[in-house]
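Please keep the sequence and the structure in view while reading.

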Amino acid sequence: MKKLIEKLTKIDQFEKNLGLDKTEIEKLNDCLGFEIPFFFVEYLQLFGFNENLFWTIFNDEEEFIQQNEFIHEEDNYRNYLIIGDEYAENFILVNKENQQLFLLEDDHLFDLKITFDEMLDEIVESLQPINYDSYKQIDTIYQSLLSNKNLIATSIKLAIDNLKEDASQNNDLLYSIIISTNPKNEYNIYGGSLEDFKIGIDSENINYDKLWNTNFSKYQQKINDKFIDQKYDFTYIKALELIYLDVLRDLKNEGYFNDQALNISVSLKSTETNLFPEDSYEESLMKKNNLTTKIKRFWETPYDRTRLIIEAL
């Protein structure tokens, strides 16, 4: 916490005397009927329920108590502490033992793959001024690549047509289209088999991540992009991916995937995070694989993408 306070103080974002004292913590423990884990006690001693910087944490003590009393009526959640909610719907839970964060959605615990302390650090880092120079560099390269967009679109459509044909030969449909690199750093289009999807969801414990892992995609085609000068620096790769996403966006808007599985998921596995046709250019340019994206864009998660297709089935 010391380094966290130093960072907040440096950017004039730390206010003293907001925290709870020992007596108030003890009273809170009595209300809950269990001991609050040390890492959250440490947070409360500094910030109490008055700090709005950390949008993932309740700033109302009464709500904190009520929600934890409610959830601890269920044996499945005895080892968790509710620390906040998103849109007053999806609760943010933390494992009392290892600080791992989870999002509770439809009685499903979605692993946010970040700890409580890491979350605080990430939020504080997000308060730093944004360096727009790198985004300007990416945009400049993107603009220079636009002249190749039609050629790229032809290559992508050809690859997708081949995926469709492969699926059709197997009396199959595609439930996912994902552009991603292979181990040789070549861009491929991966197609998920709807028949494999049906087998994958026929289980009490569905492996959601596996359903969206390109390593397990039944169909794949390489994108022919030999007409583009290949460079391997981050800004160039990011700009090229934005062109690929443009093409996917155009194809989806044209109904190019309507002959496949209902609610088919179309995406691009970028250098930083997953990009979707629903992302605007500005969103996809600046999008990060952070907690804000994971929680506020929950429809992008393997769980929710799977759920939408299951509903259609």
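## Salt bridges

Lys164 and Asp259 form a salt bridge, with 3.3 Å between the closest N and O atoms. This pair links distant parts of the chain: Lys164 is in helix α7 (residues 149–169), while Asp259 is in the loop between α10 (234–253) and β8 (265–269), 95 residues apart. A salt bridge here is a side-chain nitrogen of Lys or Arg within 4 Å of a carboxyl oxygen of Asp or Glu. Helices (H or I, at least four residues) and strands (E, at least two) are DSSP runs, numbered from the N terminus.

The model is a predicted one: local features need pLDDT of at least 70, side-chain atom pairs count only at pLDDT 80 or more, and totals for chains, interfaces and linings use all residues. Residues are numbered from 1 along each chain as its sequence is written, and side-chain values use heavy atoms, with hydrogens and water left out.

Lys164 is buried, at a relative accessible area of 13%, whereas Asp259 is partly exposed at 46%. Buried means under 20% relative accessible area, exposed over 50%, and partly exposed in between (1.4 Å probe, protein chains only).

Across the whole structure, a search finds 14 salt bridges. One of them joins the side chains of Asp75 and Arg78, at 3.4 Å from N to O. Asp75 is exposed, with a relative accessible area of 62%, and Arg78 is partly exposed at 47%.

Arg307 also forms a salt bridge, with Asp304, and the closest N and O atoms are 2.8 Å apart. Because these two residues are 3 residues apart in helix α13, about one helical turn separates Arg307 from Asp304. Arg307 is partly exposed, with 23% relative accessibility, but Asp304 is buried, with a relative accessible area of 6%.

## Aromatic pairs

A pair of aromatic rings is described by the distance of the centres and the angle of the planes. Rings of Phe, Tyr and Trp (its six-membered ring) pair if their centres lie within 6.5 Å; planes under 30 degrees apart count as stacked, over 60 as edge-to-face and the rest as tilted. The search of the whole structure finds 22 aromatic pairs. Two of these pairs are listed below.

| Pair | Distance of centres | Angle of planes | Type |
|---|---|---|---|
| Phe47 and Phe54 | 5.3 Å | 65° | edge-to-face |
| Tyr208 and Tyr303 | 5.2 Å | 75° | edge-to-face |

The tyrosine pair links distant parts of the chain, with Tyr208 in helix α9 (residues 208–211) and Tyr303 in helix α13 (residues 302–312), 95 residues apart. Tyr303 is buried at 10% relative accessibility.

Phe47 is buried, with a relative accessible area of 0%, and Phe54 is buried at 1%. Phe47 and Phe54 also belong to a cluster linked by ring pairs, together with Phe14, Phe39, Phe40, Tyr43, Phe49, Phe58, Phe64 and Phe116.

## A negative patch

On the surface, Asp21, Glu24, Glu26, Asp30, Glu35, Asp60, Glu61 and Glu62 gather in a patch of negative charge. Patches are made of residues with over 30% relative accessible area and no salt bridge: like charges are joined within 9 Å, and nonpolar side chains (Val, Leu, Ile, Met, Phe, Trp, Tyr) within 5 Å. Asp and Glu count as negative, Lys and Arg as positive, and His and the chain ends are not counted.

Which helices each supply at least two residues of the negative patch? They are α2 (22–32) and α4 (61–71). The largest share, 3 residues, comes from α2. Glu26 lies in helix α2 and is partly exposed, at 42% relative accessibility.

Note on methods: Accessible areas come from the Shrake-Rupley method with a 1.4 Å probe; for residues, only the protein chains shown count as cover. The place of a charge is taken as NZ of Lys, CZ of Arg, CG of Asp or CD of Glu.
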